[in-house]
Amino acid sequence: MPPALLRLGRQLVLVPIVAIASYFLMAALPLTTADDAKRQVAPEVLASYRRDLGLGQPLGFLRPWEKLFRGERLGTSAQGITGDELLWKLSGSVGVGLVALVLALGWALAFALLRARWRRSRLSVLGDALPAAAFGTPVFIPALLLAPAVVERGHLLPELSAALVISVWPGIFLGTLVADALDTELARDYVRTALGKGLSPRAVLWRHVLPNVLPALLDAVGPVATALLAGSFAAERVFGLPYFGQLYVLAVLQKQVAVVVVATTVFASLLVLVGLAVELVRLLVDPRAREARS
Amino acid sequence: MLVLVLVAGGCRCGFQPDPGVKVVVPAMPTTLDWSYSDPHSWANYPVMLATQRGLTTLAPDHSVQPGLAERWERSRTATGQEVYTFHLRQDVHWSDGVTPLTAQDFVIGWHRALQGRERGELADLAGSDEVLDLQEKGAPPEQLKAALARTGVEALDPHTLRVTLARPRNYFLARLANVYLFFPAPSAVLAGKTEEQVRDYFDRPREGHPLALGPYRVENWDRAGERVRLVHNPHSAFQPPLAPGERPAPVLTLLKSEIGPALYERGRVDFVFVDSAVALQGRRPEDLQREPLLSTYFLAINTERPPLDRPEVRRALSRAIDREALMKGLLPAARPSHVLLPPELPGAASPEEAARLPHFDPERARAELANVPGLDRPLRLVYRSGDSFVPEVAIAERLAAQLAAVGVKVTLDARSDFSAEVARRSAEGPRAYDLYLRRLGADYAHPNTFFTLFERTGLHQTGWETQQGGEPMDRFERLLDEADAEPDEARSRALYVQAQAVLLDEMAVIAPLYHPDRYFRTRASLRGVDVDPFNFLSLRELRLGPAPAEVH
Amino acid sequence: MSAHRIPTRAWVGLVLLVGLGLASWLAGRVFPEALAHTCPLGMDPTHPDRSVCELAFGGLWVSLAIGLTAGALSTVLGLGVAMSARAAGGTVEHWVLRAVDAVFALPDVLVVMVLQLAGQSVLDAGHAGGLGPFGLMVVSLALVGWAGPARMFRNRLATLEGQEFIAASRALGAGRWHLLRVHLWPALRPFVLAVFLSRLPTAILTESTVSFFGIARMEPMSLGRYLGTSYAALIYEGGARVVLPAWGLLVLLVLGASLSSQALGAGTRRA
């Protein structure tokens with residue numbers, strides 16, 4: 001079997017494991033049904049909730065998927081969502097995430113170049129303070145500062161702001177990585193040789209150094225994608241975006257087993273996809289990866 | 001960045017993401033199927049009350065007024081059942097402008113409600129016991145259908161509805177106004193649909209359906225996008241009262257937001273609840289409005305956990321609480337109280353009767369709590385976490401401090417899973433909490449609504465039905481039963497007052513703290529929007545002022 | 001490694017951290033009264049009987065305790081996993097690394113959220129063996145946080161083992177244990193400290209985000225929970241005085257931790 005397929009197989013194993021683990025973890029939690037009602041819920045209504053979730057049945061963990069494929073609502077009672085709605089919400093979150101990824105790459109490049117410049121000046125302390133400030137700021141704080149200005153304005157403004165807010169820390173994080181890699185690469189002999197040959201520093205940077213920095217960047221894309229999605233949980237809530245992150249948090253809080261199981265699995269699959277995409281890109285841009293494979 | 005700036009610039013052209021008047025609600029509805037409903041029903045009320053109507057309505061003074069029924073007669077049968085004959089208004093049509101309202105609409109609606117998730121709410125109806133029992137047993141559908149046909153709701157002719165209650169219930173007319181399970185369903189449209197299709201009919205609004213009776217109807221419910229859009233229903237017989245120059249709002253959008261008050265400040269929404277301790281303590285905006293609720297916030301005591309299993313200890317705790325000091329400075333205004341029934345509720349206790357119930361008496365509390373065995377362990381006080389119009393964190397912290405002053409140590413436990421935690425039992429059997437804080441609201445203007453929670457089948461979670469062999473609970477339920485059936489107002493009031501005394505004084509299951517208010521802000525151009533004393537956002541009289549409403 | 005080889009930036013960071021710790025200890029534990037009465041920022045609106053300073057500094061003390069314990073626990077866990085993986089080598093190492101990646105792939109916040117919910121119900125049922133909310137938070141943070149350090153330690157060990165002096169020592173017949181104790185550990189020590197310090201702010205931030213979603217139940221109030229539950233004040237007039245001090249403390253803490261952590265990490269890289 002080609003090694004690429006093998007890798008794919010290993011990555012995909014994660015998906016069913018997450019699906020089953022999340023089901024049993026959620027099913028172990030006590031079911032909340034009481035809420036603000038004054039009277040008790042009829043025991044038979046309760047039992048119907050349990051049946052609905054497949055609790056206590058041997059193949060209960062397949063129940064959410066059964067409902068999903070039949071197009072029924074996930075979750076107990078009239079709440080919960082259908083597969084179509086889930087897909088719609090997911091596309092919203094992924095869209096925000098992709099814009100954020102682009103923004104983050106922009107931040108990363110800008111920060112790396114700035115830091116290289118600051119290094120030789122008095123501003124070098126900024127190279128440390130900025131990442132600390134970016135990291136020490138929970139996403140919900142800038143989101144809250146920005147939200148009143150953009151929410152209910154339409155034109156995808158809340159979505160773009162959410163992307164902006166969640167991209168800051170991953171961007172700076174990537175930037176630090178790139179800057180470190182740049183430092184290492186710039187100190188190497190081939191740079192000196194290239195400069196000695198009379199190439200302009202700009203040409204050396206773009207043609208020789210950056211391609212060598214790229215693998216370091218690719219390594220970080222996985223964790224950054226994770227961070228972006230996690231950041232979107234908080235940002236979506238503050239910006240009132242009814243997308244995947246919002247859905248997920250509410251489902252966990254309300255212990256809607258079926259929704260949590262499906263959403264977690266989708267989440268894991270998404271991360272697997274990101275991992276695969278990174279591998280593909282690596283194959284394209286990194287000769288070392290190609291050699292290792294053949 | 002450039003893209004952002006461009007888009008932001010483009011936005012100033014006045015583009016509206018959602019048209020019309022925007023109302024921020026604390027939660028989206030969970031269903032629009034008012035007959036089948038859902039235990040999370042409070043979130044559905046704003047939509048239900050704007051789009052539907054009951055047989056009766058309530059006047060501002062809480063008296064019962066005609067609604068869909070223009071008049072009714074009340075009688076008793078020889079077997080002690082109570083029979084209501086409602087004469088429906090003949091001029092009422094559903095929102096398609098053609099389908100008339102008929103008595104059959106109630107029969108169909110109530111039959112569905114008897115099979116819904118909140119069917120317990122209809123337990124007063126004659127024959128409902130059998131229906132509930134059959135469902136409990138999982139009886140075959142034919143049997144259930146036959147039992148439904150025997151329940152006490154019949155259409156005598158298209159405009160006359162006869163309702164039979166198993167026993168007289170003097171709160172019944174008040175319930176009909178607000179409890180939306182009693183609202184009619186458009187039977188002509190539902191005929192021939194399967195249960196699944198009926199639910200789809202209600203929960204996926206399209207092409208003018210589901211039909212409505214109120215001044216507004218749901219045009220669109222974007223479940224995934226979490227928006228509900230209401231439009232004006234010109235065929236409604238219940239139009240908002242229009243003064244010269246006023247008009248009904250053509251479109252109303254209900255949405256949810258974490259930052260509602262900030263959006264209101266910027267003119268982007270037109271109505272918002274102010275449900276935050278921070279906002280209520282700071283500078284008060286001029287358009288901040290206060291609605292006193294028919295509601296009580298109370299401390300409940302776990303009667304099964306020693307030393308709280310002794311009524312005198314519970315009474316002493318109630319006496320140790322200084323309600324005035326508890327509420328001081330937390331809200332723009334507060335109504336501290338040591339009684340369950342709010343004074344403005346018809347049938348509440350008189351001031352003299354209230355004075356006999358346990359109230360702040362620090363000396364006596366200290367004396368009664370001295371040397372109580374078992375009180376050296378800290379008591380765990382559970383309350384709901386998160387921001388709300390009840391400043392729960394502050395109240396809990398002050399309660400702990402006040403009880404510490406009489407030598408009772410209290411630890412605080414803020415829970416997001418409050419109801420589950422309060423219901424949770426320890427390994428030994430009794431529930432695991434010691435004290436909890438909860439708000440109880442009226443669903444209709446009648447003392448009965450305040451007592452339902454504390455009955456044997458209520459979710460009071462205090463375990464007081466087990467105390468003293470269940471005798472006090474039996475007596476309490478008997479008192480309520482008598483009071484509910486008593487046609488004479490004065491006598492019924494006296495019985496409710498007795499029941500309150502059993503709960504608050506004799507057994508001291510709960511210690512009421514104050515009667516909460518709800519705060520909200522609304523634009524001057526928006527007339528008739530109100531929060532009613534039942535804490536429901538009332539949109540049924542909403543209209544726009546003369547100047548075209550400026551909405552950004 | 002002797003003291004004079006620790007870079008200045010690391011010193012700055014460490015001093016900042018110790019200073020914050022000392023300040024929170026003095027303010028929150030030793031003289032709590034002083035802050036309760038003389039806080040320039042006034043009282044907290046949600047807790048009207050407590051001052052903002054009292055809550056922020058008192059919370060910082062609790063958060064530091066959580067961060068230090070959780071950070072130490074996840075570092076030790078990560079180190080243990082990395083060392084055993086390295087010692088076993090071959091397929092075992094490969095699969096351990098895959099597991100590490102799997103854990104690392106899921107967002108901290110999400111996993112902590114679910115762990116907290118599950119842990120809280122275990123706690124409620126009384127099966128937690130004396131673990132309180134504090135212990136539960138530490139355990140869930142540690143359970144989430146070990147994967148990153150494990151990855152880093154494993155890579156670091158692999159690099160160190162590839163170096164010439166190790167090969168030389170091995171050629172001279174040194175045993176695995178001897179290698180670890182005499183050669184690898186001293187070279188690894190500052191790196192361990194760096195990783196540990198980098199976990200500290202992560203733990204506090206994760207706790208604050210989980211509190212933002214309304215799940216954590218730290219009592220007494222930690223800085224993370226304080227920030228995560230009072231954030232909404234930002235949109236109200238005068239709310240900034242409540243949120244900004246806690247935020248500032250958090251940024252300072254991150255700055256201290258990252259300065260010292262990076263400097264130590266870089267120091268070992270060039271060593």
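Begin with the contact between chains A and C, to which chain A gives 30 residues and chain C gives 31 residues, where two residues count as in contact if their C-beta atoms, placed from the backbone, lie within 7 Å. This is a predicted model, in which local features need pLDDT of at least 70 and side-chain atom pairs count only at pLDDT 80 or more, while totals for chains, interfaces and linings use all residues. When you type a selection, remember that residues are numbered from 1 along each chain as its sequence is written, and that chains are lettered from A and ligands numbered from 1 in the order in which they are written.

**Stop 1: the side of chain A that touches chain C**

Select α1 (3–28), α5 (126–135), α6 (140–150), α9 (201–239) and α10 (244–253) of chain A, the elements that give two or more residues to the side touching chain C. Helices here are DSSP runs of H or I with at least four residues, strands are runs of E with at least two, and both are numbered from the N terminus. If you colour the residues on this side of chain A by type, you will find 24 nonpolar, 4 polar and 2 charged; Ala, Val, Leu, Ile, Met, Phe, Trp, Tyr, Cys and Pro count as nonpolar, Asp, Glu, Lys and Arg as charged, and the others, Gly among them, as polar.

**Stop 2: chain C**

Now show chain C by itself, whose secondary structure comes to 11 helices and 0 strands, and whose C-alpha atoms fill a box of roughly 70 × 45 × 30 Å along the principal axes. Of its 271 residues, 52% are buried, a word used for a residue with 20 or more other C-beta atoms within 10 Å of its own, whereas 12 or fewer make a residue exposed and the values in between make it partly exposed, with C-beta atoms placed from the backbone. Next select helix α3 (residues 52–88) of chain C, which has 37 residues and reaches 52 Å from its first C-alpha to its last, close to the 54 Å expected at 1.5 Å a residue; the expected span is 1.5 Å times one less than the number of residues. Just after this helix, C:Gly89 takes a positive phi of about 65°.

**Stop 3: an open sheet in chain B**

Move to chain B and select β4, β5, β7 and β6, which in that order form an open sheet of 4 strands with antiparallel pairing; two strands pair if DSSP finds at least two bridges between them. Which strands stand at the edges? They are β4 (69–76) and β6 (153–157) of chain B, and each has a single partner strand, so one side of each is left without a neighbour in the sheet. From one strand to the next, the twist averages 20°. Within the sheet, 6 bridges join β5 (residues 82–88) to β7 (residues 160–165) of chain B, and B:Tyr84 stands opposite B:Val163 in β7(B).

**Stop 4: strand β17 and its partners**

Select β17 (residues 435–441) of chain B, where 7 of the 7 residues are buried, so the strand is largely enclosed by the rest of the structure. B:Leu435, B:Leu437, B:Arg439 and B:Gly441 point one way, while B:Tyr436, B:Arg438 and B:Leu440 point the other way. β13(B) runs antiparallel to β17(B) and is joined to it by 7 bridges, with B:Phe298 opposite B:Arg438. β15(B), by contrast, pairs with β17(B) in the parallel sense over 2 bridges, and B:Val382 has B:Tyr436 as its bridge partner.

**Stop 5: cis bonds and positive phi**

Most residues other than glycine have a negative phi, and most peptide bonds are trans. A cis peptide bond, with omega about -5°, joins B:His209 and B:Pro210, and B:Pro210 is found in the loop between α8 (195–203) and β8 (216–222) of chain B. The bond from B:Pro306 to B:Pro307 is also cis, with omega near 0°. Finish at B:His62, whose phi is near 70°, in the loop between β2 (56–58) and β3 (64–66) of chain B.

Technical notes:
Axes fitted to C-alpha atoms, helices over the stretch in contact; angles between N-to-C directions.
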